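Student: I have a structure to go through. Can we take the labels one by one and ask what backs each of them?

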Amino acid sequence: MKQEGKSVTKGVGKIIKQRKNKQKEQLKELGLENNDNKIKKSKKTQKRYIETKSYFNVNQFKKNVSKEKKQEEQSSSSSGATQTSSKSGTLHDVFEAKLKESKFRLLNEKLYSITGDEAKKMFAKDKSLFGIYHEGYRSAIKKWTIDPIEQIVKRLKEFAKNKVVADFGCGEARIATLAEQTIIHSFDLVAVNDKVTVCNMAHTPLKDGDVDVAIFCLSLMGTNFYDYIKEANRVLKTGGHLIIAEAESRLESKLTLFKALQQMGFELLKENRYDNFFRIFEFTKKNTEAITTIPKIEVSQIFKPWHYKKREK
Ligand SMILES: C[S@@+](CC[C@H](N)C(=O)[O-])C[C@H]1O[C@@H](n2cnc3c(N)ncnc32)[C@H](O)[C@@H]1O
(Lines give C-alpha, C1' and ligand atoms only; values in the text may rest on other atoms or scores of the structure.)
Protein backbone atom coordinates (compact mmCIF):
# COMPACT_ATOMS: atom_id res chain seq x y z
CA MET A 1 0.00 0.00 0.00
CA LYS A 2 2.81 2.31 1.08
CA GLN A 3 4.64 1.55 -2.17
CA GLU A 4 1.49 2.30 -4.15
CA GLY A 5 0.96 5.64 -2.34
CA LYS A 6 4.57 6.64 -3.03
CA SER A 7 4.22 5.98 -6.75
CA VAL A 8 0.93 7.98 -6.92
CA THR A 9 2.65 10.94 -5.21
CA LYS A 10 5.58 10.56 -7.62
CA GLY A 11 3.15 10.56 -10.56
CA VAL A 12 1.36 13.71 -9.35
CA GLY A 13 4.73 15.41 -8.74
CA LYS A 14 5.77 14.52 -12.28
CA ILE A 15 2.57 16.01 -13.70
CA ILE A 16 3.05 19.25 -11.69
CA LYS A 17 6.68 19.45 -12.86
CA GLN A 18 5.62 18.89 -16.46
CA ARG A 19 2.99 21.67 -16.18
CA LYS A 20 5.51 24.05 -14.61
CA ASN A 21 7.97 23.35 -17.41
CA LYS A 22 5.27 23.98 -19.99
CA GLN A 23 4.40 27.30 -18.36
CA LYS A 24 8.10 28.21 -18.26
CA GLU A 25 8.38 27.46 -21.96
CA GLN A 26 5.37 29.58 -22.75
CA LEU A 27 6.79 32.45 -20.67
CA LYS A 28 10.11 32.08 -22.44
CA GLU A 29 8.28 32.34 -25.75
CA LEU A 30 6.74 35.60 -24.58
CA GLY A 31 10.13 36.92 -23.49
CA LEU A 32 9.01 37.19 -19.88
CA GLU A 33 10.88 34.43 -18.21
CA ASN A 34 14.00 36.18 -17.05
CA ASN A 35 13.10 39.84 -17.23
CA ASP A 36 9.93 40.11 -15.29
CA ASN A 37 10.17 38.76 -11.78
CA LYS A 38 6.79 40.13 -10.84
CA ILE A 39 5.13 38.13 -13.58
CA LYS A 40 7.08 35.06 -12.60
CA LYS A 41 5.82 35.45 -9.07
CA SER A 42 2.14 35.83 -9.93
CA LYS A 43 0.56 32.73 -11.42
CA LYS A 44 -2.62 34.65 -12.25
CA THR A 45 -0.62 37.14 -14.32
CA GLN A 46 1.25 34.35 -16.09
CA LYS A 47 -2.06 32.77 -17.00
CA ARG A 48 -3.38 36.10 -18.29
CA TYR A 49 -0.33 36.60 -20.52
CA ILE A 50 -0.63 33.11 -21.90
CA GLU A 51 -4.33 33.63 -22.59
CA THR A 52 -3.53 36.95 -24.28
CA LYS A 53 -0.96 35.25 -26.45
CA SER A 54 -3.46 32.65 -27.68
CA TYR A 55 -6.14 35.32 -28.15
CA PHE A 56 -3.80 37.20 -30.47
CA ASN A 57 -3.11 34.09 -32.41
CA VAL A 58 -0.56 35.11 -35.03
CA ASN A 59 -2.01 33.00 -37.79
CA GLN A 60 -5.51 34.22 -37.15
CA PHE A 61 -4.20 37.81 -37.13
CA LYS A 62 -2.44 37.28 -40.47
CA LYS A 63 -5.64 35.81 -41.91
CA ASN A 64 -7.65 38.83 -40.75
CA VAL A 65 -5.17 41.29 -42.24
CA SER A 66 -5.19 39.62 -45.65
CA LYS A 67 -9.00 39.44 -45.55
CA GLU A 68 -9.24 43.19 -44.81
CA LYS A 69 -6.69 43.93 -47.54
CA LYS A 70 -8.73 41.98 -50.07
CA GLN A 71 -11.92 43.80 -49.07
CA GLU A 72 -10.16 47.17 -49.41
CA GLU A 73 -8.80 46.28 -52.87
CA GLN A 74 -12.23 45.15 -54.03
CA SER A 75 -13.98 48.32 -52.89
CA SER A 76 -11.32 50.64 -54.40
CA SER A 77 -11.38 48.83 -57.77
CA SER A 78 -15.18 49.03 -57.91
CA SER A 79 -15.27 52.83 -57.30
CA GLY A 80 -12.14 53.38 -59.44
CA ALA A 81 -10.90 56.83 -60.36
CA THR A 82 -13.70 58.70 -58.63
CA GLN A 83 -12.47 57.62 -55.26
CA THR A 84 -8.85 58.56 -55.97
CA SER A 85 -9.76 62.04 -57.12
CA SER A 86 -12.14 62.69 -54.22
CA LYS A 87 -9.40 61.57 -51.81
CA SER A 88 -6.82 63.97 -53.30
CA GLY A 89 -9.48 66.72 -53.43
CA THR A 90 -10.07 66.36 -49.72
CA LEU A 91 -6.36 66.58 -48.99
CA HIS A 92 -6.06 69.68 -51.13
CA ASP A 93 -9.02 71.24 -49.31
CA VAL A 94 -7.46 70.45 -45.95
CA PHE A 95 -4.14 72.08 -46.92
CA GLU A 96 -5.91 75.12 -48.32
CA ALA A 97 -8.03 75.52 -45.19
CA LYS A 98 -4.91 75.21 -42.99
CA LEU A 99 -3.07 77.82 -45.05
CA LYS A 100 -5.98 80.25 -44.81
CA GLU A 101 -6.22 79.67 -41.06
CA SER A 102 -2.49 80.40 -40.66
CA LYS A 103 -2.78 83.62 -42.67
CA PHE A 104 -5.76 84.71 -40.57
CA ARG A 105 -3.89 83.97 -37.34
CA LEU A 106 -0.84 85.94 -38.51
CA LEU A 107 -3.00 88.92 -39.46
CA ASN A 108 -4.92 88.75 -36.22
CA GLU A 109 -1.71 88.76 -34.17
CA LYS A 110 -0.41 91.65 -36.25
CA LEU A 111 -3.54 93.75 -35.69
CA TYR A 112 -3.15 93.37 -31.93
CA SER A 113 0.42 94.63 -32.05
CA ILE A 114 0.10 97.81 -34.15
CA THR A 115 -1.85 101.07 -34.03
CA GLY A 116 -5.04 101.77 -36.00
CA ASP A 117 -3.12 104.01 -38.42
CA GLU A 118 -0.55 101.31 -39.09
CA ALA A 119 -3.35 98.76 -39.66
CA LYS A 120 -5.05 101.14 -42.09
CA LYS A 121 -1.79 101.50 -44.05
CA MET A 122 -1.28 97.73 -44.06
CA PHE A 123 -4.73 97.07 -45.55
CA ALA A 124 -4.37 99.95 -48.03
CA LYS A 125 -1.07 98.51 -49.27
CA ASP A 126 -2.45 95.02 -49.88
CA LYS A 127 -6.18 95.03 -50.46
CA SER A 128 -6.43 91.23 -50.45
CA LEU A 129 -5.45 91.06 -46.75
CA PHE A 130 -8.80 92.31 -45.46
CA GLY A 131 -10.66 89.62 -47.43
CA ILE A 132 -8.28 86.95 -46.11
CA TYR A 133 -8.77 88.27 -42.58
CA HIS A 134 -12.56 88.25 -42.72
CA GLU A 135 -12.78 84.87 -44.43
CA GLY A 136 -10.70 83.48 -41.55
CA TYR A 137 -12.79 85.36 -39.02
CA ARG A 138 -16.02 83.96 -40.48
CA SER A 139 -14.80 80.39 -40.20
CA ALA A 140 -13.55 81.07 -36.66
CA ILE A 141 -17.03 82.27 -35.63
CA LYS A 142 -18.57 79.03 -36.95
CA LYS A 143 -16.56 77.11 -34.36
CA TRP A 144 -17.73 79.25 -31.43
CA THR A 145 -20.62 78.15 -29.28
CA ILE A 146 -21.61 81.78 -28.76
CA ASP A 147 -21.62 84.53 -31.34
CA PRO A 148 -21.13 87.86 -29.51
CA ILE A 149 -22.83 89.78 -32.34
CA GLU A 150 -26.04 87.82 -31.74
CA GLN A 151 -25.90 88.70 -28.04
CA ILE A 152 -25.38 92.38 -28.83
CA VAL A 153 -28.26 92.37 -31.32
CA LYS A 154 -30.45 90.79 -28.62
CA ARG A 155 -29.48 93.61 -26.26
CA LEU A 156 -30.20 96.24 -28.92
CA LYS A 157 -33.78 94.94 -29.13
CA GLU A 158 -34.27 96.48 -25.67
CA PHE A 159 -33.44 99.96 -27.01
CA ALA A 160 -35.94 102.07 -28.94
CA LYS A 161 -35.66 101.92 -32.71
CA ASN A 162 -34.83 105.61 -32.94
CA LYS A 163 -31.68 105.27 -30.80
CA VAL A 164 -28.54 106.01 -32.80
CA VAL A 165 -26.00 103.17 -32.82
CA ALA A 166 -22.31 103.28 -33.81
CA ASP A 167 -20.45 100.04 -34.50
CA PHE A 168 -16.70 100.62 -34.14
CA GLY A 169 -14.63 98.06 -36.09
CA CYS A 170 -17.78 96.58 -37.64
CA GLY A 171 -16.14 94.04 -39.97
CA GLU A 172 -18.90 92.96 -42.31
CA ALA A 173 -21.43 95.25 -40.59
CA ARG A 174 -23.51 92.38 -39.23
CA ILE A 175 -25.03 94.61 -36.53
CA ALA A 176 -26.34 97.00 -39.18
CA THR A 177 -27.81 94.01 -41.01
CA LEU A 178 -29.39 92.33 -37.98
CA ALA A 179 -30.44 95.08 -35.57
CA GLU A 180 -33.67 97.07 -35.90
CA GLN A 181 -32.46 100.62 -35.15
CA THR A 182 -32.97 103.01 -38.05
CA ILE A 183 -29.57 104.68 -37.80
CA ILE A 184 -26.60 102.39 -37.38
CA HIS A 185 -23.17 103.79 -38.28
CA SER A 186 -20.65 101.08 -39.17
CA PHE A 187 -16.92 101.91 -39.21
CA ASP A 188 -13.98 99.85 -40.34
CA LEU A 189 -10.63 100.19 -42.10
CA VAL A 190 -11.97 98.65 -45.31
CA ALA A 191 -15.53 98.57 -46.65
CA VAL A 192 -16.68 95.08 -47.56
CA ASN A 193 -20.17 96.40 -48.36
CA ASP A 194 -21.99 99.71 -48.68
CA LYS A 195 -23.05 99.75 -45.01
CA VAL A 196 -19.44 100.37 -43.97
CA THR A 197 -17.84 103.81 -43.67
CA VAL A 198 -14.08 103.58 -44.08
CA CYS A 199 -12.11 105.25 -41.30
CA ASN A 200 -9.75 104.64 -38.47
CA MET A 201 -12.24 104.41 -35.61
CA ALA A 202 -10.01 106.69 -33.52
CA HIS A 203 -11.36 109.51 -35.72
CA THR A 204 -14.91 108.97 -36.98
CA PRO A 205 -16.84 111.59 -39.00
CA LEU A 206 -19.56 111.77 -36.30
CA LYS A 207 -20.40 114.95 -34.41
CA ASP A 208 -20.04 115.29 -30.60
CA GLY A 209 -22.94 113.64 -28.74
CA ASP A 210 -24.49 112.13 -31.90
CA VAL A 211 -24.78 108.57 -30.58
CA ASP A 212 -26.88 106.66 -28.00
CA VAL A 213 -25.08 103.30 -28.14
CA ALA A 214 -21.41 102.77 -29.07
CA ILE A 215 -20.24 99.20 -29.70
CA PHE A 216 -16.82 97.56 -29.88
CA CYS A 217 -17.29 93.88 -30.67
CA LEU A 218 -13.84 92.23 -30.51
CA SER A 219 -12.47 95.28 -32.27
CA LEU A 220 -10.33 96.93 -29.57
CA MET A 221 -7.26 95.53 -31.27
CA GLY A 222 -4.86 98.43 -31.83
CA THR A 223 -2.27 99.38 -29.25
CA ASN A 224 -3.82 102.88 -29.14
CA PHE A 225 -6.80 101.56 -27.17
CA TYR A 226 -7.37 104.87 -25.32
CA ASP A 227 -7.83 106.78 -28.62
CA TYR A 228 -10.82 104.56 -29.43
CA ILE A 229 -12.44 104.97 -26.01
CA LYS A 230 -11.87 108.72 -26.16
CA GLU A 231 -13.56 108.84 -29.57
CA ALA A 232 -16.52 106.78 -28.32
CA ASN A 233 -16.82 109.16 -25.37
CA ARG A 234 -16.81 112.17 -27.69
CA VAL A 235 -19.58 110.88 -29.97
CA LEU A 236 -21.78 109.50 -27.16
CA LYS A 237 -24.49 111.53 -25.46
CA THR A 238 -24.15 111.86 -21.69
CA GLY A 239 -26.10 108.86 -20.34
CA GLY A 240 -25.37 106.97 -23.58
CA HIS A 241 -24.22 103.32 -23.54
CA LEU A 242 -20.86 101.81 -24.36
CA ILE A 243 -20.88 98.06 -25.12
CA ILE A 244 -17.59 96.17 -25.25
CA ALA A 245 -17.34 92.47 -26.18
CA GLU A 246 -13.97 90.88 -25.52
CA ALA A 247 -12.47 87.41 -25.43
CA GLU A 248 -12.05 86.21 -21.86
CA SER A 249 -8.52 85.02 -22.66
CA ARG A 250 -7.48 88.52 -23.65
CA LEU A 251 -8.32 90.19 -20.38
CA GLU A 252 -5.37 90.74 -18.10
CA SER A 253 -7.45 92.51 -15.44
CA LYS A 254 -11.05 93.54 -15.78
CA LEU A 255 -10.79 95.65 -12.63
CA THR A 256 -8.02 97.65 -14.27
CA LEU A 257 -10.23 97.99 -17.35
CA PHE A 258 -13.05 99.37 -15.17
CA LYS A 259 -10.62 101.75 -13.46
CA ALA A 260 -9.27 103.06 -16.77
CA LEU A 261 -12.75 103.50 -18.21
CA GLN A 262 -13.91 105.27 -15.06
CA GLN A 263 -11.09 107.76 -15.54
CA MET A 264 -12.43 108.29 -19.06
CA GLY A 265 -15.95 109.05 -17.84
CA PHE A 266 -17.59 105.61 -17.96
CA GLU A 267 -19.37 103.73 -15.18
CA LEU A 268 -20.02 99.99 -15.35
CA LEU A 269 -23.69 99.06 -15.72
CA LYS A 270 -23.48 95.31 -16.23
CA GLU A 271 -21.32 92.46 -17.28
CA ASN A 272 -22.21 89.14 -18.91
CA ARG A 273 -20.02 86.10 -19.25
CA TYR A 274 -20.58 83.54 -21.98
CA ASP A 275 -19.16 80.01 -21.80
CA ASN A 276 -15.87 81.21 -20.22
CA PHE A 277 -15.15 82.49 -23.70
CA PHE A 278 -16.48 86.04 -23.98
CA ARG A 279 -17.46 88.88 -21.75
CA ILE A 280 -19.77 91.67 -22.74
CA PHE A 281 -19.46 94.81 -20.62
CA GLU A 282 -21.88 97.69 -20.67
CA PHE A 283 -20.99 101.13 -19.39
CA THR A 284 -22.76 104.46 -19.30
CA LYS A 285 -21.18 107.82 -20.09
CA LYS A 286 -21.20 110.05 -17.01
CA ASN A 287 -19.14 113.07 -18.05
CA THR A 288 -20.62 116.19 -19.57
CA GLU A 289 -17.31 117.85 -20.46
CA ALA A 290 -14.99 116.43 -23.10
CA ILE A 291 -12.27 114.03 -21.93
CA THR A 292 -8.90 115.61 -22.62
CA THR A 293 -6.43 113.27 -20.94
CA ILE A 294 -5.92 109.54 -21.00
CA PRO A 295 -5.24 107.31 -17.94
CA LYS A 296 -1.67 106.60 -16.86
CA ILE A 297 -2.47 102.89 -16.86
CA GLU A 298 -0.48 100.82 -19.37
CA VAL A 299 -2.71 98.98 -21.87
CA SER A 300 -0.71 95.82 -21.07
CA GLN A 301 -2.18 95.96 -17.55
CA ILE A 302 -5.65 95.64 -19.08
CA PHE A 303 -5.16 93.33 -22.07
CA LYS A 304 -2.73 90.50 -22.70
CA PRO A 305 -0.78 90.56 -25.96
CA TRP A 306 -2.52 88.23 -28.41
CA HIS A 307 -0.45 85.18 -29.31
CA TYR A 308 -1.73 81.89 -30.61
CA LYS A 309 -0.26 78.88 -28.87
CA LYS A 310 2.39 77.19 -30.98
CA ARG A 311 1.12 73.80 -32.12
CA GLU A 312 3.06 70.74 -31.06
CA LYS A 313 4.75 68.96 -33.95
C1 LIG B 1 -12.31 90.68 -34.96
S2 LIG B 1 -13.01 91.71 -36.15
C3 LIG B 1 -14.63 91.95 -35.52
C4 LIG B 1 -15.57 92.47 -36.54
C5 LIG B 1 -17.00 92.73 -36.04
N6 LIG B 1 -17.01 93.65 -34.93
C7 LIG B 1 -17.66 91.43 -35.66
O8 LIG B 1 -17.74 91.12 -34.46
O9 LIG B 1 -18.11 90.70 -36.57
C10 LIG B 1 -12.25 93.26 -35.72
C11 LIG B 1 -12.50 94.34 -36.72
O12 LIG B 1 -12.05 95.57 -36.17
C13 LIG B 1 -11.49 96.33 -37.21
N14 LIG B 1 -10.59 97.35 -36.67
C15 LIG B 1 -9.51 97.16 -35.90
N16 LIG B 1 -8.90 98.34 -35.65
C17 LIG B 1 -9.63 99.29 -36.29
C18 LIG B 1 -9.50 100.70 -36.41
N19 LIG B 1 -8.51 101.36 -35.85
N20 LIG B 1 -10.45 101.36 -37.10
C21 LIG B 1 -11.46 100.69 -37.70
N22 LIG B 1 -11.62 99.37 -37.62
C23 LIG B 1 -10.71 98.67 -36.93
C24 LIG B 1 -10.76 95.29 -38.05
O25 LIG B 1 -10.49 95.77 -39.33
C26 LIG B 1 -11.76 94.16 -38.04
O27 LIG B 1 -12.65 94.23 -39.10
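Student: How do you know how confident the prediction is?

Tutor: From pLDDT, the predictor's confidence in each residue on a scale from 0 to 100. The protein's mean is 81, and 71% of its residues reach 70 or more. Residues 26-42 fall below 50, with 13 contacts beyond near neighbours in sequence. Residues 44-62 are also below 50, and that stretch has 10 such contacts.

Student: Why is Asn-272 called partly exposed?

Tutor: Count C-beta atoms within 10 Å: 20 or more is buried, 12 or fewer is exposed, and partly exposed is in between. Asn-272 has 13 such neighbours, so it counts as partly exposed. The residue sits in strand β6, residues 266-274.

Student: What makes Arg-279 and Ile-280 contacts of Asn-272?

Tutor: The cut-off is 7 Å between C-beta atoms. Asn-272 touches both Arg-279 and Ile-280, leaving out residues up to four places away in sequence.

Student: What makes β1 and β2 a pair?

Tutor: Pairing requires at least two bridges. β1 and β2 (residues 184-188) have 4, in the parallel sense, so they pass. Val-165 stands opposite Ile-184 in β2.

Student: Which residue of β4 is the bridge partner of Phe-168?

Tutor: Phe-216. β1 and β4 (residues 211-217) also pair in the parallel sense, over 4 bridges. Phe-216 in turn has Ile-244 as its partner in β5. β4 and β5 (residues 236-247) run parallel and are joined by 6 bridges.

Student: Why are β3 and β6 called edge strands?

Tutor: The open sheet has 7 strands in the order β3-β2-β1-β4-β5-β7-β6, with mixed pairing. β3 (196-198) and β6 each pair on one side only, so they are the edges. The twist averages 20° from one strand to the next.

Student: How does helix α7 lie on the sheet?

Tutor: α7, residues 148-156, touches β1, β4, β5, β6 and β7. Its direction makes about 165° with that of β4.

Student: Which residues come nearest to the ligand?

Tutor: Gly-116, Gly-169, Gly-171, Met-201 and Ser-219, out of 20 around it. By class, the shell has 12 nonpolar, 6 polar and 2 charged residues.

Conventions
Residues are numbered from 1 along each chain as its sequence is written. This is a predicted model: local features need pLDDT of at least 70, side-chain atom pairs count only at pLDDT 80 or more; totals for chains, interfaces and linings use all residues. Helices (H or I, at least four residues) and strands (E, at least two) are DSSP runs, numbered from the N terminus. Two residues are in contact if their C-beta atoms, placed from the backbone, lie within 7 Å. A residue is near a molecule or strand if its C-beta atom, placed from the backbone, lies within 6 Å of it. Ala, Val, Leu, Ile, Met, Phe, Trp, Tyr, Cys and Pro count as nonpolar, Asp, Glu, Lys and Arg as charged, and the others, Gly among them, as polar. Axes are lines fitted to C-alpha atoms, for helices over the stretch in contact, and angles run from 0 to 180 degrees between N-to-C directions.
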